[in-house]
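Please look through the chain below before reading on.

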Amino acid sequence: MSKNLVIVESPAKAKTIQKYLGKDFEVKSSFGHIRDLPKKGMGIDLATFTPDYEVSADKKKVVADLKDAVKKADMVWLASDEDREGEAIAWHLAQELKLKEDTTKRIVFHEITKNAILKAIENPRQIDQNLVNAQQARRILDRIVGFEMSPVLWKKVKTGLSAGRVQSVAVRLVVERELEIRAFQPKSSFRVEGVFLNSDKQEIAAKLKKDFAQEKEAEDFLNAAKDTEFKVLNVEKKPGMRTASAPFTTSTLQQEASNRLGYGVTSTMRVAQRLYEEGFITYMRTDSVSLSQEAINGAKAQIISEFGENYSNPRNYTTKSASAQEAHEAIRPTDFSVKSVGDAQLNKLYQLIYKRTLASQMANAKIEKTVIEIGGPKLPQHFEAQGEVIVFDGFLKVYGITKTDEDDEENSEKLLPKVVAGEKLDYKKIEATEKFTKPAARYTEAGLVKKLEELGIGRPSTYAPTIQTIQNREYVDKKEIQPQEREIMKMTLGKTELKKQVLTEKFGGDKNKFVPTDIGEVVNEFLTQNFAEILDYGFTAKVEQDFDDIANGSEKWKEVLQGFYKDFHPRIEDVEENADRANGERILGTDPKTGKNVMARIGRFGPMVQIGEQDDEEKPIFASLMASQNIATITLEEALELFRLPFDLQDFEGNAVAVGVGRFGPYVKWGETFISIPRGEEPLSVTQERAEEIIREKQVADAPIAIYKGEPVTKGTGRFGPFIKYKSIFINVPKRYDFDNLSQNDINELIDAKLEKEANRYIQQWEKEKISIENGRWGPFVKFGKAMFKIPKNKKDEKFSPDELAEVPLDEVKKWITAQDKNAFNEKPKKAPAKKPAVRKATGKTPAKKK
């Protein structure tokens, strides 16, 4: 038996480390945190800010296994990650496993290589309580904010909502950008561009230095240019330089992986985690850009070997952020001689990290910039042509420069023909095109991370979870925005005439960018009005700085929490008592048929419009908004159109056909069957012909693909991927099967496996009471409705055996449930009707009075 037990937080990391440590070491995984604040209840004593941690049900077996391993080991090495989260994992392990200080050592490393692991073993330390406390402070403060603020949202906006300290600020950024875009008034101007020819008939594309505000000014200029003798007024050549970017931090890796690979923030971190755990890169949660001397030397050797001495320029970068956590390195390869990895997905990100790090140690690129000025004596403004030639490629040899959405599309590099000052030129054509100014771009995932980092909000470990949370909560969406159309004027001066054209251009469309949902906007408005300080960017950044101060020992964590809570809790009580309800209600106008008010608001099932008031003699009528509509922007005319839904079409194959919008979106109803209308298709545009087409597609999709024991088997694609359906059982189809060409053997195999699993699922089942004892991943448990309950130990203080559980009477099981939830069998009280919310006026709601 191994005398040394090493505990890490992931199985993949354990597997890699085990290779480097001999038979005297056993490496086991804790599978992340083994304990946390309880899922039910706050779990914090608010008088002392003492947390009540508990081991989650799914970690009890892991903890039991680790306790057994600890008993057999002489020394325990806690080797979780070196950041605050990792330090907290080590501390929780030490507490829960009751590790003794003299037989416990803490080791850290920022790369999983043999040298790094052995060096860490030679240099153990104690658990850094300051880092642990910084993590505890974040966890507890975020629990307090969510636990106290969310019920206010349930009461004042809509049940089921949640608020969080960082997530609410991230939503605010997205909402404010959207409001900025809506309020933006585009201004037009005329850009003049010309194509000129030298004596060798070589083309020179040039742009006028000044844009014209009015069409007439541009037209007058073109008329003046018609008879002008153009000359090269000046040729200027300037040497230039391009410098490589620093190696990656977490934030810049997420941004670059988005720009170059199209990866989302979560995908980037998942792949980076695997690269780290398999020993290919250094730790991937860092805000440092520095490299170790060993890494600088390794990069230098690789560059000289591959490209030559003149490409090498060793340097170290310094982190600009004052809040950079701990002494991490930048994200880099652990071995520069490894140029690629086997797995295709891992390799894409590895190549990005490898090339960026190598480029950071390479010579600057040298360029020669040429500027040609073109004009004539009659013209008040001159044209300018710009071009670049790369004299020495330097770092560009391995890592080129990509343009982002914000880069000016006109500033593209191009080669220019050789000309001299005074040389006559002829024009081929000169065009004046109407251009409109653009609003600020919506945030991509990586763009939002960049903004959060600029504001000092969040840290490397929190960016990806924050981005994921605001999407999971449905406060923001990455839906496609359909472009609008507008007319633009284009004037072209040819050799014989000035031609005018009215063209159509598309604008305002977007894909894969964050847009706030209706509920996101309403929640943001309520929170910014009533909890202005919590959502203040500066305040949120200050809280992050407080965590940093706790980590370096200059602040006491419980004092920071007390200072926050003494102002926060009274504000919660004030808002709960005094603030108006919020549902984003807007009065759009009056219905011409009834004269009643037409309004848009958030309803029980989402955004909707209604005609009439709740207290009218006749009940109001409602209609759901379509996916492309928003309660803040919908017009009266668009709202009235929605009341055409549902509408009937002619019968098809003996069944009635109707089109409508329901809780899950627009649909075609055929008999008793509801068929979703494809995404992006407006229900009001569905004709008889299109409805029949949608029905036929459904018939084909629902047609049996096989027979199993005399019953038809159908297939489809749902929320969790492809499936087959047998009777009322849905069976997921794994990727190893060819879903489009499932054979009878495939179908038999899938259904047999599912039926066998279902047969082994229940130990006992009482269908009428909706109670069952079931086998779970971590052992048997009791299920009542949708709730799950633990099974207590038997009279011998041991776990029940499967045979014993098969004999347990229903009354005994009910006692187990009641012991864990005393109200489990109480009849739920009926909800009182909600008070009528205040209507949003033009000036906005009045926030609760500040104390």
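Buried means under 20% relative accessible area, exposed over 50%, and partly exposed in between, with a 1.4 Å probe and protein chains only. The model is a predicted one, in which local features need pLDDT of at least 70 and side-chain atom pairs count only at pLDDT 80 or more, whereas totals for chains, interfaces and linings use all residues. Residues are numbered from 1 along each chain as its sequence is written, and side-chain values use heavy atoms, with hydrogens and water left out.

**The chain as a whole**

- The protein chain has 851 residues, of which buried residues make up 46%.
- Its secondary structure comes to 21 helices and 34 strands, where helices (H or I, at least four residues) and strands (E, at least two) are DSSP runs numbered from the N terminus.
- Along its principal axes, the C-alpha trace of the protein chain spans about 105 × 80 × 70 Å.
- Taking contact to mean heavy atoms within 4.5 Å, residues 24 or more positions apart account for 67% of the contacts in the protein chain that have a separation of 6 or more.

**Nonpolar cores**

- A nonpolar core is a set of buried Ala, Val, Leu, Ile, Met, Phe, Trp, Tyr and Cys residues joined through side-chain atoms within 4.5 Å.
- The largest nonpolar core holds 152 residues, and the members that touch the most others are Phe-109, Leu-349, Leu-448 and Phe-526.
- Helix α5 (residues 129-156) gives the most to this core, namely 11 residues.
- When residues up to four places away in sequence are not counted, Phe-526 touches Val-152, Leu-153, Lys-156, Val-157, Phe-531, Val-575, Ala-579, Asp-580 and Ala-582.
- A second, separate core has 26 residues, including Phe-230, Ile-372, Phe-383 and Leu-493.

**Packing of α3 and α5**

- Helix α3 (residues 84-96) packs with α5 at an angle of about 105°, the two axes being 8 Å apart; axes are lines fitted to C-alpha atoms, for helices over the stretch in contact, and angles run from 0 to 180 degrees between N-to-C directions.
- That angle makes α3 roughly perpendicular to α5, since angles of 65 to 115 degrees count as roughly perpendicular, those under 35 as roughly parallel, those over 145 as roughly antiparallel and the rest as oblique.
- On the α3 side the contact is formed by Arg-84, Glu-85, Glu-87, Ala-88 and Trp-91, which meet Gln-129, Leu-131, Val-132, Ala-134, Gln-135 and Gln-136 in α5.
- The residues of this contact divide into five nonpolar, three polar and three charged, where Ala, Val, Leu, Ile, Met, Phe, Trp, Tyr, Cys and Pro count as nonpolar, Asp, Glu, Lys and Arg as charged, and the others, Gly among them, as polar.

- An open sheet of four strands runs in the order β31-β32-β33-β34 with antiparallel pairing, two strands being paired if DSSP finds at least two bridges between them.
- The edge strands, each of which pairs on one side only, are β31 (762-766) and β34 (787-789).
- From one strand to the next the twist averages 30°.
- Strand β33 (residues 779-784) pairs with β34 in the antiparallel sense over three bridges, and Val-782 stands opposite Phe-789 in β34.
- Helix α21 (residues 810-820) packs on the sheet and touches β31, β32 (771-776), β33 and β34, while its direction makes about 80° with that of β32.
- Gln-820, found in helix α21, is partly exposed with a relative accessible area of 39%.
- Leaving aside neighbours within four places in sequence, Gln-820 is in contact with Phe-789 and Lys-790; the C-alpha atoms of Gln-820 and Lys-790 are separated by 8.2 Å, although the two are 30 residues apart along the chain.

**Backbone geometry and loops**

- Most residues other than glycine have a negative phi, and most peptide bonds are trans.
- Lys-201, in the loop between β9 (188-197) and β10 (203-208), has a positive phi near 65° and is exposed, with a relative accessible area of 61%.
- Asn-512 also has a positive phi, of about 60°; this residue is found in the loop between β17 (498-507) and β18 (515-516) and is partly exposed at 49% relative accessible area.
- A cis peptide bond with omega of about -5° joins Leu-645 and Pro-646, and Pro-646 is found in the loop between α17 (636-642) and β23 (647-652).
- Gly-584, in the loop between α16 (557-578) and β19 (586-590), is buried with a relative accessible area of 1%.
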